[in-house]
Amino acid sequence: MLELFKPYTEELVKIVILLALISLAIAYLTWLERKVIGHIQSRLGPMRVGWHGLLQPIADGIKFIIKEDIIPAKADRFGFILAPLLAFIPAFIVFALIPFDGPQAFTVGGKTYSGYVADVDIALLFVMAITSICVLGLIVGGWASNSKYPLLGALRSVAQLVSYEIPMGLSVMGVVLMAGSLSLVRIVQAQERLGWWFFLPQLVGFVIYFICGVAETNRNPFDLPEAEAELVGGYHTEYSGFRFALFFLAEYANMITISAVAATLFLGGWLMPFPSLLAPYLSWVPGIVWFSLKVFAFLFLYLWFRGTFPRYRFDQLMGIMWKILLPVAIANILVTAGVMLYLNR
Amino acid sequence: MTPVAQLVKKILFIDLFQGLAITIREMFTPAVTEQYPRQRSHVYERFRGEPRMGVDANGKTLCIACNLCAQVCPENCITVKREKNPETKKFELTGYVFDMRRCMFCGFCEEICPTDCIQLTPAYELARYDVRDFVLELPALERGMDKTHYRK
Amino acid sequence: MSNTAPPAAATAPILKEDVMVLNMGPQHPSTHGVLRVILKLDGEKIVDLDCDIGYLHRGIEKIAENRSYTGAAPYMDRLDYIAAVSNNLAYVGAVEKLAGVQVPPKAQHVRVILTELTRIASHLLWLGTHAMDIGALTVFLYCFREREDILNILEMTTGARLTTNAFRVGGLAADIPDGFVEKTRAFCDLIGGRIDEYEGLLSANRIWLSRTRGIGVINAGDAVAIGLSGPSLRGSGVKWDLRKAQPYEAYSKFEFDIPTGANGDTYDRYLVRLEEMRQAKRIILQALDGMPEGDFRAKVPRVLKPPAGEVYHSIEAPKGELGFYLVSDGSANPYRVRIKGPSFFNLQAMRRLCIGHFVADVVAIIGTLDIVLGEIDR
Ligand code: SF4
Ligand code: SF4
């Protein structure tokens, strides 16, 4: 049996490390969110558990686990139990394809290892596909709860899903056209060759991607499926304990995914900014640090949005996606394709 | 503003950046949070909190058993127990019950008291575990309630 | 409460589908207390709606019949507990009118200052919750930060933060404390910039605009017919403010404008309230400048027995016209106390405003009507 896994030792070790790191990152993202929003709102955020509340995520985790797990009597048990998993597991799967660092990231015992678990030719497609599964979790959860508010939340999820997926898929096509590959690693390498990160030539695609990403992760100003002012808790109204925690974690994992993909596609992944300027001094900084900084910048933007904006109505969201972003995304592809054709003439 | 300028502003997300600028500015201004058990809030002198009965320098009550406070109280929280002293023809206090369960801290009692005996003091940590602890008798009113102090 | 004919949107043909009945409240994050709204939904569109009230009924009118004229005043703080001082002023004013008590000028000035501060506090709370219902969390905390300053001034002057029991028949409970004038001035200096800040976060924001413009539109005629008052009425362009129309206390001495809206939608009502805060600040500054010397309380007998008769006295509370109708039979207790509260009347517009909108708009409309259940249910 063990023989079977032998060729994959490297991948397995990386997966374990990755799972641990991502879980930690999610836990501290919740802490960061509370801190950032707190300070934006003239508050302090968590202060009591540990120094400046640093142990708060752990306390929260324990609380979620020991809380009573309630399944409503009239809920559809199968769907109700399945839904959080459906949201949670895909959110973690995508990380296998994210290049945290380049192909020669680090050397252990004379052997160099890459900074990602797998480099697949269709990585981008795969990431987009898997992240959409998460939304199914919300829909199933809302439906299976057999309660009205979650149902409305699920309905909104569907409405949201059908509207952001298309502009999102189209917005990254410009990058694919420029890089000539769907592999995330090769997209970053293309940016290295070009000397420019893609967010400059693909500014429109970048903005559209991020707007759709916010919609996909159900974050403010598009947090309609869980708009607590209207729908109490939205799709997760009936969930409690660790099942709720899974939804909660999935949302944060998705935020990290979207940020990581955005950093890879548009901000040059593990590349150093201004290499001609900084390379002499900072070439010792590993690529994963640059990557993390970029992801962090996006995450901060997420939190900053949440601290600033009101919430759209779901028909308005659909209007924006279909009437504005979709045409703009298509136009962006056409223009990019035209320019590429012209340049490669 | 011309429609074109408006459109350009809209495309450049000017309105949204305006909001973002405000929140980021607030992020670097000091927070106003009061970390309660560690920092206690400043309470003004007139605050109507825990009821107390005053005593004079000898530890004798200031109350002259005039019963005005009991009469004025809209919630009938106060019971003044008194007896007429046959010699001085004056009332003497034999007991005083202040039922804080019903009190709405309107302050009428302290306002009417001729000797400033009953007073609502600025002490505000009045939570108790047992509802019976809210019925205060004279000694408790003179000494002050047993404090539940929250520590960090 | 189906008092108005359903507007056109309700009778327009809808797809023949099942209608879902959704209970919003009495325990719901944005019904501002314990309002229960029974929504009939077609998808997320509202086909019909009914408001169920009374979950917070405490029988304040009846309680007042069993209290002395002065003793009933603290209960009135518990009507619109967000603007306790205004309630108190209206009740005390009614008793004074009934008993023919003259309030000294100094007390009148202080009353104006405190009620205008309360108006700002009430509007701040309204703005915060309204914005939070629409998703802007941060405005809520900014508003509470400023409201805290007002509550501190109230605490310093009256001795309590929420149910202040601020006034007595004939004047004030006590003279203004040291530092009151400075603190109030400091607050007035601060609030202008802070209102600009809220405006910066909301007024031009496209999300805010799309959530409030054209939502819950009511024209002037309907607004008057339903009996709206206060900012909800002025948002529709009716220039009616009791402070100008029937000046009470010292309001005739001060200069201020009555902001009105043009379209009668949620956005206009929002602008009207923001401007009212600025005007309130103007009034406070004038009242501080012209603060007269003298008594703070007129001589009033300890047991007040107004002559038999009846009186109606109303003021412009932050939410609209708050009136007290008192009947005296010559005894020490009122024979009847009838409260005309603005929230109750403003709530009547709910059905008219909501039909045809979405669930998300219901919370915006509840917010824009600025209701307080304590005063609706009494
Ligand atoms: S504060 Fe008011 S309610 Fe409380 S005992 Fe005094 S008079 Fe009665
Ligand atoms: S009013 Fe004062 S003096 Fe009179 S009975 Fe009450 S506490 Fe005693």
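Visitor: By what rule are helices assigned in this predicted model, and in which helix is the place of Met340(A)?

Guide: Helices are DSSP runs of H or I with at least four residues, numbered from the N terminus. The model is predicted. By that rule, residues 314-343 of chain A form one helix, and Met340(A) has its place there, in helix α14.

Visitor: Is Met340(A) buried or exposed?

Guide: Buried means under 20% relative accessible area. Met340(A) counts as buried because its relative accessible area is 18%.

Visitor: With which residues is Met340(A) in contact, leaving aside its neighbours within four places in sequence?

Guide: Ser42(A) lies 298 residues from Met340(A) along the chain, and the C-alpha atoms of the two are separated by 49 Å. Contact means heavy atoms within 4.5 Å. Once neighbours within four places in sequence are set aside, the contacts of Met340(A) are Leu177(A) and Met178(A).

Visitor: Which three residues supply 37% of the area that chain A buries against chain B?

Guide: In this interface 16 residues of chain A are in contact with 16 residues of chain B. The two chains bury about 1400 Å² between them, with 67% of it on carbon and sulfur atoms. On the side of chain A, more of the buried area comes from one trio than from any other three residues: Ser42(A), Arg48(A) and Trp304(A).

Visitor: Which element gives the most to the side of chain A that touches chain B?

Guide: Elements giving two or more residues to this side are α2 (9-40), α9 (203-216) and α13 (287-308) of chain A. The most, five residues, comes from α13(A).

Visitor: Which residue of chain C forms a salt bridge with Arg313(A)?

Guide: Chain A and chain C bury about 2600 Å² between them, 60% of it from carbon and sulfur atoms. One salt bridge is found across their interface. Its closest N and O atoms are 3.0 Å apart, and the partner of Arg313(A) is Asp361(C).

Visitor: How many charged residues has the side of chain A that touches chain C?

Guide: Ten residue pairs, both at pLDDT 80 or more, are in polar contact across the interface of chain A and chain C. Helices α6 (148-171), α10 (228-231), α13 and α14 of chain A each supply at least two residues of the side that touches chain C. By class, that side has twelve nonpolar and six polar residues, and the charged residues number nine.

Methods: Residues numbered from 1 in each chain as written. Chains lettered and ligands numbered in written order. Predicted model: local features only at pLDDT ≥ 70, side-chain atom pairs only at ≥ 80, totals over all residues. Heavy atoms only, no water. Buried < 20%, exposed > 50% of the residue type's maximum accessible area, 1.4 Å probe, protein only. Buried area = accessible area lost by both parts, 1.4 Å probe. Salt bridge = Lys/Arg side-chain N within 4 Å of Asp/Glu carboxyl O. Polar contact = N/O pair within 3.5 Å; in protein donor to acceptor, adjacent residues only side chain to side chain. Nonpolar A, V, L, I, M, F, W, Y, C, P; charged D, E, K, R; others polar.
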